[in-house]
Amino acid sequence: MKDLLPASTQAYARAEWGCDAPQIRVAAVVSALSQALDLSTGQPRGHSAKACILGMRIGQEYGLNTTQLNELYYALLLKDCGCSGNASKTFHALAADDLAAKRDLKVTDWTSTGLESIRYALEHVAVGKPFLERVRVLGRLALTQKAHARDVTRLRCERGATLARLMGLPEGSAAAILDLDEHWDGSGYPENVHGSQINLFSRIMLLAQTLETFATAQSAETAEQVIEKRSRKWFDPDMVKASRSLARRGELWTDINSPSMGEVVLSLDRGEAKLTRGDETLDAICGAFAQIVDAKSPFTFNHSNGVANASVAIARKLNLPRERVIFVRHAALLHDLGKLGVSNTILEKPGKLDEQEWKAMKRHPEDTWLILRSIPHCEELCEVAASHHEKLNGTGYYRNLTAGQLSTEARILAVADIFDALSAKRPYRDSLPLETVFAILRKDSPNIIDGDCVRALEESGISGDQTYRDLQSLQQSLVLNG
Ligand SMILES: [Fe+2]
Ligand SMILES: [Fe+2]
């Protein structure tokens with residue numbers, strides 16, 4: 001990761017981010033985006049950040065050095081970044097809400113063969129389905145439970161590690177994500193490794209996430225009892241000891257639920273890396289989160305990247321300055337972050353959504369706003385990304401904004417979003433021909449969507465599969481074509 005931004009380029013950084021601060025800490029961006037991962041695991045907002053605080057305190061108590069603490073820091077914030085990749089598989093295997101199932105999995109001792117596993121199955125498998133279908137799904141799951149758990153855990157951990165590497169984070173952070181679900185006694189997944197064979201950071205991360213989950217769902221006392229009970233089963237006894245020492249001194253839970261919790265998270269960042277103009281880490285982080293969103297469902301495969309491509313095509317045709325083109329790309333890559341909080345029972349429903357489901361779906365731009373607003377000083381990025389379903393005549397959602405309240409960049413995203421939804425291939429249908437897509441877009445402009453943006457997109461010659469895979473290829477293209 002690059003270091004401080006030279007003063008001469010600070011103005012460019014402001015323009016790219018649409019924010020007042022000349023420098024943005026990587027930790028501030030990653031901790032804000034970790035809230036999207038909380039959504040994807042059905043956890044309350046702040047779960048990853050709180051687990052980060054607890055894990056860093058345990059790591060310090062255990063005696064990790066500064067380099068190790070820096071690696072542990074990002075691993076804790078991003079431990080769930082591979083989680084969306086198994087959402088669809090979980091939904092199909094359980095025939096139920098993937099988010100509720102994932103949320104309760106963290107507080108269930110699923111390695112036991114006793115009542116806890118049975119209760120979990122009854123509460124989350126094929127809920128609301130006819131009796132015979134429930135029996136069929138439960139029976140299938142009983143036969144395949146171990147293989148299924150191994151599969152979805154492997155998928156999640158490997159994908160998480162790949163995404164961490166893609167973001168340019170330290171290798172130690174990626175390796176830690178791989179072993180997150182391994183248990184001290186070898187009962188974990190995917191490899192059943194045990195004891196000190198398990199990555200050191202992963203042992204801290206599992207303990208920290210369990211402490212946080214039980215403390216939030218029940219109480220800190222319960223959380224401490226659970227980890228004592230599972231010491232040597234799930235957890236490294238040395239880590240439990242470190243946690244116990246902190247708790248006895250009254251230092252484990254300090255400020256964990258205070259309004260300054262975000263600042264506490266940032267204060268634990270040892271690397272203090274900054275994002276700079278042209279820094280590929282910034283683009284890679286946005287690109288990786290776009291992949292996290294798109295992996296949630298096969299119905300949205302490559303959607304965020306497609307919207308980014310179309311947005312860039314429009315922005316360039318409208319002759320926006322280069323730094324604004326890159327700003328639009330980043331807003332587009334992050335626009336559907338809130339969809340991580342929508343259950344796959346809704347995202348993959350074959351028929352029409354009912355009123356409740358549609359209401360849940362319509363919440364996703366607001367969730368995008370809630371996540372991005374916590375990146376310090378980046379209000380414009382947040383506003384543009386969260387406005388992608390707004391319409392010029394006020395019939396959009398979630399704030400019913402009207403033409404005067406929608407910037408050029410917000411209008412670009414709105415057109416690009418519809419374009420990609422119509423022109424991209426979907427598992428259940430082929431892509432619509434471009435003539436049909438543009439006929440639909442033209443019909444809705446200029447009253448509902450921006451006519452200049454529609455024209456710009458049409459004149460850009462976009463084919464529907466145009467891809468700027470990374471910042472470098474976009475910048476090269478901008479240099480070549482002016
Ligand atoms: Fe959306
Ligand atoms: Fe979208």
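Two residues are in contact if their C-beta atoms, placed from the backbone, lie within 7 Å. Please keep that definition in mind as we consider this structure, which is a predicted model.

Let us begin with the whole chain. The protein chain contains 24 helices and two strands. Of its 482 residues, 48% are buried. Among contacts with a separation of 6 or more, 70% are between residues 24 or more positions apart.

I turn now to one pair of helices. Helix α15 covers residues 303-317, and helix α16 covers residues 322-334. Their axes lie 8 Å apart, and the helices pack at an angle of about 155°. Angles over 145 degrees count as roughly antiparallel, so α15 is roughly antiparallel to α16. The crossing of these two helices, α15 and α16, is right-handed.

Which residues in α15 and α16 meet? From α15 come S304, V307, A308, S311, V312, A315 and R316. On the side of α16, they meet R324, V325, V328, R329, A332 and L333.

My last topic is helix α2, residues 26-40. From its first C-alpha to its last, this helix of 15 residues reaches 21 Å, close to the 21 Å expected at 1.5 Å a residue. Just after α2 comes G42, with a positive phi of about 70°.

Technical notes:
Residues numbered from 1 in each chain as written. Chains lettered and ligands numbered in written order. Predicted model: local features only at pLDDT ≥ 70, side-chain atom pairs only at ≥ 80, totals over all residues. Axes fitted to C-alpha atoms, helices over the stretch in contact; angles between N-to-C directions. Helix = DSSP H or I, 4+ residues; strand = E, 2+ residues; numbered from the N terminus. Parallel < 35°, antiparallel > 145°, perpendicular 65-115°, else oblique. Left-handed = near helix turned anticlockwise from the far one by under 90°. Expected span 1.5 Å × (residues − 1). Buried ≥ 20, exposed ≤ 12 C-beta atoms within 10 Å, placed from the backbone.
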